[in-house]
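Have the viewer open as you read.

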Amino acid sequence: MARTVLVTGGNRGIGLAIAQAFAKQGDRVAITHRGSTPPADLFGVRCDVTDSTQVDEAFSAVEAELGPVEVLVNNAGITADTLLMRMSEEQFTSVIDANLTAAFRCAKRASSKMLRARWGRMIFVSSVVGLAGGAGQVNYAASKAGLVGVARSITRELGSRNITANVVAPGFIDTDMTAGLSDERKAEIRKAIPAGRMANPDEVAGVVTWLASDAAGYISGAVIPVDGGLGMGH
Ligand code: NDP
């Protein structure tokens, strides 16, 4: 059955791969973007997820065009890495706002329609760093760990209404976010990953579409690693 899907930050990287995977299986797919031209087969809504008015308006636009959001993929995210001693409060709170508070805004806005429909899927794109930590990533790791608490609390609140909330925790994925790493750092990373390589965004997208499918209807509050074994044990 075709569903209405909203992917935040679906204009590029992992979000775009997720949006395209849903579109390929026949779902009605909307993405948020901040001004770039969205791909022609996806319904693009302009939205900065740090602004609750824009989030509300984006959901209203999707509802008017495609119907209520049945599958929400909270994917938009940023990094602002620096060591704890150098990290400003603004560097900390801005990453929390974009990665964690924004997911709360979107989940809250989606929940009333999901409750009415007595069906919904929420998927939060976290990171291996959320549970393992990362030097220079106190802000990012805190935001990504917070998503686990969000998904598990939503599971407890809404689980009886056929609404699931899960976390996908990617390792190193080949996107703009990792493009800036030096070749030396990339070689170090590859050495630490049992799979011996970074992943491409489609490998995350496949897990996200599966979590939204009927086959995964009894999975909720889970943290699913997509990291080539990097985070094993966390
Ligand atoms: P990219 O940097 O390639 O893309 C980030 C996306 O988030 C863009 O679409 C961007 O929009 C959007 N975004 C950022 N801030 C906002 C905002 N305030 N409002 C709306 N949209 C925003 O990142 P990836 O595709 O690599 O990452 C996607 C998700 O996966 C992130 O949450 C990231 O933390 C997570 N992740 C990535 C990993 C990796 O190795 N790449 C590993 C683990 C997790 P715009 O184009 O307008 O900037």
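The shell around the ligand splits into 11 nonpolar, 14 polar and 4 charged residues. Here Ala, Val, Leu, Ile, Met, Phe, Trp, Tyr, Cys and Pro count as nonpolar, Asp, Glu, Lys and Arg as charged, and the others, Gly among them, as polar. Of the 29 residues around the ligand, the nearest are Gly9, Gly13, Arg34, Gly77 and Thr175. Helix 1 (13-24), strand 2 (28-33) and helix 6 each bring at least two residues to that shell; helices (H or I, at least four residues) and strands (E, at least two) are DSSP runs, numbered from the N terminus.

Keep in mind that this is a predicted model, where local features need pLDDT of at least 70, side-chain atom pairs count only at pLDDT 80 or more, and totals for chains, interfaces and linings use all residues. Residues are numbered from 1 along each chain as its sequence is written. How confident is the predictor? On pLDDT, its per-residue confidence from 0 to 100, the protein chain has a mean of 97, with 100% of its residues at 70 or more. For the complex, the predictor gives an ipTM of 0.99 and a pTM of 0.98.

Now over to Lys186, which sits in helix 7 (residues 183-192). Its C-alpha is 14 Å from that of Asn200, and Lys186 and Asn200 are 14 residues apart in sequence.

Note on methods: pLDDT = per-residue confidence, 0-100. Near = placed C-beta within 6 Å.
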